[in-house]
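Visitor: I am new to this structure, and I would like to know where the words used for it come from. Could you take me through it?

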Amino acid sequence: MISTSSPFTAELAPCGHAVDGRRHQENDDAGLLIDDRVFACGCRVIRHEYHDGSVRIKTIRRDGKVLADEHSGNHEA
């Protein structure tokens with residue numbers, strides 16, 4: 001599994017503010033991709049792409065409210 005972590009600057013967070021943050025990505029070169037963005041304000045966007053091509057994206061505002069929890073393919077709840 002390949003893992004990288006890097007900062008980003010002035011991206012629009014789910015709360016509507018343009019803030020800095022950190023992006024963490026993992027990839028196993030067989031189709032699994034994890035992309036997690038954590039904003040300085042506390043917001044978070046998590047994207048998982050699975051081996052079968054299905055995707056789950058979860059958007060969480062800084063107060064903990066889940067704004068979106070989108071599923072596609074075999075990983076639907």
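Guide: Gladly! Please keep in mind that this is a predicted model. Let us start with Met1, which sits in the segment before strand S1 (2–12).

Visitor: Why is Met1 called exposed?

Guide: Its relative accessibility is 59%. Exposed means over 50%, so Met1 counts as exposed.

Visitor: Which residues does Met1 contact, leaving aside its neighbours within four places in sequence?

Guide: Met1 is in contact with Glu26, Asn27, Asp28 and Leu32. As for Asn27, it lies 26 residues from Met1 along the chain, and the two C-alpha atoms are separated by 5.6 Å.

Visitor: How many aromatic pairs does a search of the whole structure find?

Guide: The search finds one aromatic pair.

Visitor: What makes Phe8 and Phe39 an edge-to-face pair?

Guide: A pair of aromatic rings is described by the distance of the centres and the angle of the planes. Here the ring centres are 5.2 Å apart, and the cut-off for a pair is within 6.5 Å. The planes stand at 70°, and over 60 degrees counts as edge-to-face. Therefore the pair of Phe8 and Phe39 is edge-to-face.

Visitor: How do you know whether Phe8 and Phe39 are buried or exposed?

Guide: Buried means under 20% relative accessible area. Phe8 has 9%, so Phe8 is buried. Phe39 has 3%, so Phe39 counts as buried too.

Visitor: What makes the link between Arg37 and Glu11 a polar contact?

Guide: Arg37 is found in strand S3. The side chains of Arg37 and Glu11 are joined at 2.9 Å, and the limit for a polar contact is 3.5 Å. Not counting residues up to four places away in sequence, Arg37 touches several others, including Phe8, Arg22 and Val45.

Visitor: How do you know that S3 and strand S4 pair?

Guide: Pairing takes at least two bridges. S3 and strand S4 (residues 44–49) have six, in the antiparallel sense, so the two strands pair. Within this pairing, Leu33 stands opposite Glu49. Four residues lie between the strands of this hairpin, where Gly42 takes a positive phi near 110°.

Visitor: And what joins S4 to strand S5?

Guide: Six bridges join S4 to strand S5 (residues 55–60), and these strands run antiparallel. Ile46 stands opposite Lys58 in S5. This hairpin has five residues between its strands, and Gly53 takes a positive phi near 90°.

Technical notes
Residues numbered from 1 in each chain as written. Predicted model: local features only at pLDDT ≥ 70, side-chain atom pairs only at ≥ 80, totals over all residues. Heavy atoms only, no water. Buried < 20%, exposed > 50% of the residue type's maximum accessible area, 1.4 Å probe, protein only. Contact = heavy atoms within 4.5 Å. Phe/Tyr/Trp six-rings, centres within 6.5 Å; stacked < 30°, edge-to-face > 60°. Polar contact = N/O pair within 3.5 Å; in protein donor to acceptor, adjacent residues only side chain to side chain.
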